[in-house]
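Visitor: I would like to learn how to read the packing in a model of this kind. Please take me through it feature by feature.

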Amino acid sequence: MVLFFTSLFSDEIDNSFITKFEYGAMLYENPRGVGCVLCHKKGDKNVVISKYKELNKETKELEEKSIIAPAINKVTFEIFLEKMTADKTDSKVMPTYFLTDDELKSLYYYIKNINKN
């Protein structure tokens, strides 16, 4: 009973009741209110999130532009970490999730294995 009470109120989170893949899937679907899946879908190809028109200053013509969520299943862990932890002040598209190291590792594991299951 004391062990249960101690683990219930400790700062460490033991997520071993689910697999690393399941934990990553949960994070992919809804890490902090907005899931990766909304923009990246299955992560295996580029996805157009939105289209808009922008004035070309040289030609004075409207040009169609797109906001694209890139395929993420083939990126290296280093690139993944760089994008997930980058200062987002320059880009308002990719949200900041403030994920822990364990969450980032599980999420990356899921992304690399999402289309294998």
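Predicted model: local features only at pLDDT ≥ 70, side-chain atom pairs only at ≥ 80, totals over all residues.

Visitor: How is the packing of two helices described?

Guide: The angle between the two axes and the distance between them describe the pair. Here α2 and α5 pack at about 95°, with their axes 7 Å apart. Helices (H or I, at least four residues) and strands (E, at least two) are DSSP runs numbered from the N terminus. Axes are lines fitted to C-alpha atoms, for helices over the stretch in contact, and angles run from 0 to 180 degrees between N-to-C directions. α2 and α5 are therefore roughly perpendicular, a label for 65 to 115 degrees.

Visitor: Which residues of α2 and α5 meet?

Guide: From α2 the list includes K20, F21 and Y28, and from α5 it includes E103, L107 and I111. The residues of this contact (heavy atoms within 4.5 Å) divide into nine nonpolar, three polar and three charged. Ala, Val, Leu, Ile, Met, Phe, Trp, Tyr, Cys and Pro count as nonpolar, Asp, Glu, Lys and Arg as charged, and the others, Gly among them, as polar.

Visitor: Which residues touch the most other members of the largest nonpolar core?

Guide: A nonpolar core is a set of buried Ala, Val, Leu, Ile, Met, Phe, Trp, Tyr and Cys residues joined through side-chain atoms within 4.5 Å. Buried means under 20% relative accessible area, exposed over 50%, partly exposed in between (1.4 Å probe, protein chains only). This core has 16 residues, of which Y28, F80, M84, L99, L107 and I111 touch the most other members. Its largest share, five residues, comes from α5. Leaving out residues up to four places away in sequence, I111 touches Y28, I72, N73 and F80.

Visitor: Is E103 buried or exposed?

Guide: E103 is buried, at 9% relative accessible area. The side chain of E103, a residue of α5, reaches the backbone nitrogen of T100 at 2.8 Å.

Visitor: Which residues other than glycine have a positive phi?

Guide: K41 is one of them, with phi near 50°, and F98 has a phi of about 55°. K41 lies in the loop between α3 and β1 and is partly exposed at 44%. F98 lies in the loop between α4 and α5 and is exposed at 69%.

Definitions and conventions
Residues numbered from 1 in each chain as written. Heavy atoms only, no water. Polar contact = N/O pair within 3.5 Å; in protein donor to acceptor, adjacent residues only side chain to side chain. Parallel < 35°, antiparallel > 145°, perpendicular 65-115°, else oblique.
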